[in-house]
Amino acid sequence: MKLNLVWLQSGGCGGCTMSLLCSDARDLFGQLRDASIEVLWHPALSEQTGFEAIEMLQACAEGEMPLDILCIEGALLRGPRGTGRFHMMSGTGKPMTEWVSRLAARARHTLAIGSCAAYGGITAAGTNPTDACGLQYDGTLRGGLLGGDYRSAGGLPVINVAGCPTHPGWVTDTLLSLALGGFDEKDLDPVGRPRLYADQLVHHGCARNEYYEFKASAEKPSDLGCLMENMGCKGTQAHADCNVRPWNGVGSCTKGGYACISCTEPGFEEPGHPFARTPKIAGIPIGLPSDMPKAWFVALAALSKSATPRRVRENATADHLVVTPAVRKTGLK
Amino acid sequence: MTRLVVGPFNRVEGDLEVTLDIAGGAVRAARVNSPMFRGFEQILQGKDPFDALVFAPRICGICSVSQSSAAAAALATAMGITPPPNGRLAANLVLANENLADHFAHFYLFFMPDFAREAYRGRPWFELAQARFKAVAGSAMRDALPARMEFLQIMGFLAGKWPHTLSIQPGGSAQAVQASERIRLLSLLRQFRAWLERTLFGDALEAVAAIGSAAELDAWRDARPAGHGDFRLFLEIARDLELHRLGRATDCFISYGNYLLEEGRFFSAGVWDGAVQAVDPQAISEDISHAWMGGAQAVQHPSAGTTLPDADKAGAYTWCKAPRWNGRVAEAGALARQVVHGHPLIRDLVSQSGGNVANRVIARLLELALVVPAMEQWVQGFRIGEPWCHHGAMPDAARGVGMIESARGALGHWLDVRHGRIHGYQIIAPTTWNFSPRDGAGVPGPLEQALVGTPVEDGDKAPVAVQHVVRSFDPCMVCTVH
């Protein structure tokens, strides 16, 4: 059976679409077609423009055309004063929030693509001048445009493919899982993210792992050491498989020289401290690794710091290996 | 006179609505509406200055690195630091990677699919264009998308990911490239070069870059059979449809210059209106007369600018402010960059037919041929073992300006730090220039001018010539208003 997919963009940057187009599938749209997913309309890709697109959206909103998968990218802008006029969908004279609500009422599955559509994200930062929210969350609180109790026609709440941007693999794997059937609520984590990527921590597979083990920390941009103690890294708490499923072939934030800012988490946009500086109390980072008792972390950190090999300590604050691993002549055992 | 509202305008980045007054088979007046406001300039107020490196790229997913680069440059001037040579080269490479990937995506994904529309059935080139460029289904989707994806793997090495990296720092690059990675970067560049030479140009990049006049370009086209490369096909379509007569705007071009080298900028800065003059940053202003923006002054230099949304303002029709240079309308983009820098082909084309649909597209593709060889040089210029990033502190009170060229043209950030926090942050993006509304004197922006005279048949609700003109600017609507 064919699955019609409609993709709309609102209060975001379009970066999740750009990220999707970096998919390592050699033929992204062929892959979707093979899974019976028919892209009815995507604002960056489709031929239909203006009235052709409006007629198609109208038919979906009226239930005249089946809408199996609704993908929303970008936050929903409720302002000013609840009018939605910060984003009027062009050519229609109607707020985008109204279009999204009408379409979500028909959709079999509703997907929030990226952290803006899921939780409000970057667009909701600061004073949140546009009263931005996610489809089913307003930051960390359930609610948002569609309300906390919303269920799509297929029975699921909004599927939050969160990330800023989201990873192309998270989107395609979620879509292909839906097409395959059997994707249900147990496949979502407590904030609605597909567990296929959210059951991992960014820390898993981090290439700076040895520096982390010995608490050999970077002190400034371009240092090779662990980014947790000083540089704001939340990789040990953030849910995503970024260091197992690489970005752009080989990359990740921590491989790129900078902190994980936990962009898949609700409310990441307002961490309460400068992003690139780790908040500490009495020299100890406030944010501890997930599932780790504080006393043990402090004890282990002190122990591992005292055991740091010279190689690891010196490389941690350099931008290239100043000490390379020893080559032993006795063979490895 | 009939009025036509065209929207949603897809295959541009973000949402766009164009209102056309039509009479006698042509557009008589156009009003461009950027219908979405997010308020980044307000969001940034009160933040730690370095947080701009997190927020600025997220203004736009397609110009993400450009926004990072402008933010880093603004912070660097406020801190009084400059990057070391490695940091400069890494930043150039990341920016060039994005800019070229954007030119490439514009051509294959956004612009060319309009020539595969049924409206063109019967044209001698139609079958070729349809097989190659049909939206989603054309053969270009299957080979251009993977080529772009692999080219953007440069980001994996230099920036961690794309979009939205934090590798670009005021003092250089947070990513220190290791010796083994340099070779892999060169391999990725060679692979992209080979794709361009085989599929887009059917010729060596250096040969394309050396085309020195409109006559030489015609000869280059005529020396090749139809279907020999996608550029050749575009040139044939452009000749048949006379795209050089479509979409002429102001013929005043602005470029901030791009890619910092030891000896200056790889592409030079300037304003061109028949001759080059220097860009005086003080001569830039933003006019809010027709924007849904309040404020005491209608015209302000961006260093004193404000962003106060007012959805009920009378006479306004867009969220976009109107940037002006010395009070004049100016066009930004690859065409502006190359006419300012003085590429002989582009100077000749502009002197013959001005800024128009054909010339904008030719300038973009020419940049692919000009910049990939430079990227190869920059990678070879890396000195492993030398620093990638300089470090410094942000003063409690400082001002900074970052002016760079994104794919779409002149991008400026104006930063005002007080008490160690961001007090003011103003952004003028290239599409703010190009899709600006009328100013206080009623002078329309570049696209509004370019659309006047565009043919529209009676009753045509999605006139294809209008699509060509709009998309020839490669607009980025999320940057425009931010």
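Helices (H or I, at least four residues) and strands (E, at least two) are DSSP runs numbered from the N terminus, and a helix's expected span is 1.5 Å times one less than its number of residues. The model is predicted, so local features need pLDDT of at least 70, side-chain atom pairs count only at pLDDT 80 or more, and totals for chains, interfaces and linings use all residues. Residues are numbered from 1 along each chain as its sequence is written, with chains lettered from A and ligands numbered from 1 in the order in which they are written.

**Exercise 1.** Compare the reach of helix H3 of chain A with its expected span.

- Take residues 50-61, which make 12 residues.
- First C-alpha to last, H3(A) reaches 16 Å, close to the 16 Å expected.

**Exercise 2.** Find which residues of H3(A) are buried (20 or more other C-beta atoms within 10 Å of their own, C-beta atoms being placed from the backbone).

- Looking down the axis, the buried residues of H3(A) fall within an arc of 100 degrees (directions from the axis to the C-beta atoms), so they line one face.
- Their cover includes strands S1 (3-9) and S2 (37-41) and helix H4 (96-104) of chain A, plus strand S1 (2-6) of chain B.

**Exercise 3.** Work out how many residues each chain puts into the contact (C-beta atoms, placed from the backbone, within 7 Å).

- Chain B gives 75 residues and chain A gives 67.
- On chain B's side, H6(B) gives the most, with five residues.

Notes
Buried ≥ 20, exposed ≤ 12 C-beta atoms within 10 Å, placed from the backbone. Contact = placed C-beta atoms within 7 Å.
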